Amino acid sequence: MMALLFYLFIILCCAAHHVTLKDEEGIPLIAKYFNTKGRYEEVNPNLSQDILAVNRTILEPPFLECEEIHLTAIIRHGTRYPNAKDVRKMQQLHDIILNNSTGKQSWLREILTQWTMWYTEDMDGRLVQKGVQDLKHLAVRLAKLFPSMISEEKLRGGLIKFITSSKHRCVNSTLSFKAGLTEMWAIKDVEFGHEVNDTLMRFFNLCTRYVQEVDQNQSAVTEVQKFKQGLEMMRVQEKIAQHLGVSSSLLTYDLAEAAFFLCTYEFAVKAINSPWCQLFDEDDAKVMEYASDLREFWKRGYGHDINSKSSCILFHDLFSRLDKAVSETKLRQKVSEPVTVQIGHADTLLPLLTLLGFFKDTVPLTSNNYASQTQRSFRTSHMLPYAANFLLVLYDCGEGDIRLQPVLNEKPLTFPGVTDPQASVPLYENVRKRYQDLLNGCDFETECQLLKDPAEV
């Protein structure tokens, strides 16, 4: 039944808006600044030539005798439509242009006379056909990268566990990932289930302290508001207004962001280098990227301690599974949970990556240090495109030598603060030592208790 519903979703999705991939339309010059609205292919450009290409050499274990014994993959959903709130902003911008524009450029004429506002509020973040393909292709690539882990035998044997957020885009991404595997192996005689678990995959909604002190508290993002009103952003807004031939008084930050989103979604959803992209040069795009990164930094990243601590429950779930696999291996038992695939959101991944200390810059992102942050590590365009994936791969290298490799978007990472001769695949015990304080504490219930009246925060 689930498979039937999935394929019905595919038919409806594709019938509504056919997706084309035409080389001659090209890639927007600013595509690498699209933040969490970016394509996975911008993070891994080789996939533009071969969507199933993998590079096993950069993920090889340190020693020939090492064998993979466990893999956890935490994956963001695939490409989606804009949410209803952003659609309303896009519609407002389009209306302003239609009623006020005096510009004469050919690309603007195209917006005024040929482009139709086809986004509707009922799309509200739903997975698109490109998103289906994102997850199908990722499944095949991961099976190629880790053939002993993601295999037909393990799938049929119930040894690949699937967990998803309840959001439709995540459930459909989970179905797409499974379809990528079953189609690759031509499995038609059985369906594979999944568990919906918002406690793990949408922990941010369940952490009271986070919701009240950060998510619903404007004072938690004052740096973001300052940057929106700063000189860099004002210059971008004035340029957009000039390009559109409208009064700058009509162009708010929200509408400038709506224009940027129109460029990003036209490319991500329809593979079109849209005339909307002509509103931004590279310098403008960098400012828009920084505004978004600043928001993510203060709402999900290093800006507030509770941002990362909200993911304690996912952190402990992850390490309990790793501990169990290590214990079983040392007892010479078969690993009982060799593969777990968990599909959630950018808001699932970023707090966890932050808790683990990845992409932490020496100087925090603020409203007044844009110019000095051009080489920052905290860049969501690189970290969190659609279908972003964080893998932890456990290796048994013999004689009690068990190692852990972190991988982000199919590229190896190095655990910050872990000292090991094999930096990219350190001993598991060294990783545990690095995170010992979190393993001993980081209790979700304790961290998420409201410490004071939110009006006082």
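In the predicted model, cysteine 66 and cysteine 397 form a disulfide (a pair of cysteine sulfur atoms within 2.5 Å), with their sulfur atoms 2.0 Å apart. This is a predicted model, in which local features need pLDDT of at least 70 and side-chain atom pairs count only at pLDDT 80 or more, while totals for chains, interfaces and linings use all residues. Residues are numbered from 1 along each chain as its sequence is written, and side-chain values use heavy atoms, with hydrogens and water left out.

The link of cysteine 66 and cysteine 397 is right-handed, with 105° about the S-S bond. Both cysteine 66 and cysteine 397 are buried (under 20% relative accessible area, with exposed over 50% and partly exposed in between; 1.4 Å probe, protein chains only).

Four disulfides are found in a search of the whole structure. With bonded cysteines counted along the chain, their pattern is 1-6, 2-8, 3-4, 5-7.

A disulfide also joins cysteine 207 and cysteine 448, whose sulfur atoms are 2.1 Å apart. The torsion about the S-S bond of this pair, cysteine 207 and cysteine 448, is about -100°, so the disulfide is left-handed. Both cysteine 207 and cysteine 448 are buried.

In the disulfide of cysteine 312 and cysteine 442, the sulfur atoms are 1.9 Å apart. Its torsion about the S-S bond is about -85°, and the disulfide of cysteine 312 and cysteine 442 is therefore left-handed. Cysteine 312 counts as buried at 0% relative accessibility, and cysteine 442 counts as buried at 6%. Cysteine 170, at 0% relative accessibility, also counts as buried.
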